[in-house]
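These are my notebook entries from going through the model, kept in the order in which I looked things up.

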Amino acid sequence: MFTMKWVTGAAMLACTGALVACQGGADKASGAAAGTPTPSGAVTGAPTPPAPTTSSAAATDPLLSGKREVTITRVQGSGKPLEISGRLEEGGDTGGRTLFVPTPIGGDRYVIRAFGTKDGHPANDDPSCWQVNGLDIEPELTIGAVVCDQDDPIQRFTIIAKGDGTYAIGSETRFLQHLPGNGLVLKELGNAKLDTTFRFADKGPADRQPIN
């Protein structure tokens, strides 16, 4: 009889201890959850990478939206528009392309597409793009026209509005400048003042249908 009571009491004690342990674990789990609240509106799972952003200039300036064709003229020059064939030039009558579409690709970077005149010739509607000439030697680099590839870093340009209806054009740390005897080149400013800016003139919607 004594043995039976002892066994029953021991069993009850073990059960009671187990309940206390279980309850204590639950309290700790509850306390841990309460001590580390989930921020309101938090998103579970892997974070979504941010989408590329366009610059504020591209969002507010229609001439930088990629939806308008423009001519580009050097403010301090002859007043003749830029054109590009083998090389970007000012006012040279080479039969090159004179209509450009600065197209934002994220941040403050642009691909500058070039078109011929709208004369019904299908080749004029197939774009080429500005590109830093890779065969040039520093410190002065020129710009040529090639098949468009916005993933190529040397086809990405910066366009900075100067606040007076003019723009500075650059690539990386260089700016497009006019040097007597050498024409338009990309050059580091160093301590020099930027004295070459450009004016864009709207020439209509960028609605070309390129060759398939």
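I began with strand β1, residues 68–74, and found six of its seven residues buried, where buried means under 20% relative accessible area, exposed over 50% and partly exposed in between, with a 1.4 Å probe and protein chains only. Strands here are DSSP runs of E of at least two residues, numbered from the N terminus. The model is a predicted one, in which local features need pLDDT of at least 70 and side-chain atom pairs count only at pLDDT 80 or more, while totals for chains, interfaces and linings use all residues. Residues are numbered from 1 along each chain as its sequence is written, and side-chain values use heavy atoms, with hydrogens and water left out.

I then looked up the pairing of β1, which runs antiparallel to β12 (residues 198–205) over six bridges; two strands count as paired if DSSP finds at least two bridges between them. Isoleucine 72 has phenylalanine 200 in β12 as its bridge partner. Among the residues that isoleucine 72 touches, leaving out those up to four places away in sequence, I noted Phe100, Trp130 and Phe200, a contact being heavy atoms within 4.5 Å.

Next came the largest nonpolar core, which has 24 residues, and in which Ile72, Phe100, Trp130, Leu176 and Phe200 touch the most other members. Such a core is a set of buried Ala, Val, Leu, Ile, Met, Phe, Trp, Tyr and Cys residues joined through side-chain atoms within 4.5 Å. The largest contribution to this core, three residues, is from β5.

I searched the whole structure for disulfides (cysteine sulfur atoms within 2.5 Å) and found one. Cysteine 129 and cysteine 148 form this link with their sulfur atoms 2.0 Å apart, and the 95° about the S-S bond makes the link right-handed. Cysteine 129 is buried at 0% relative accessible area, whereas cysteine 148 is partly exposed at 31%.

Last, I looked for salt bridges, defined as a side-chain nitrogen of Lys or Arg within 4 Å of a carboxyl oxygen of Asp or Glu, and the whole structure has six. Aspartate 207 and lysine 118 form one, with the closest N and O atoms 3.3 Å apart; aspartate 207 lies in the segment after β12 and lysine 118 in the loop between β5 and β6, so the pair ties together parts 89 residues apart in sequence. Aspartate 125 and arginine 208 form another, at 2.7 Å between the closest N and O atoms, and here aspartate 125 is buried at 18% and arginine 208 is buried at 11%. Glu69 joins Asp125 and Arg208 in a network of salt bridges.

How values were computed
Helices (H or I, at least four residues) and strands (E, at least two) are DSSP runs, numbered from the N terminus.
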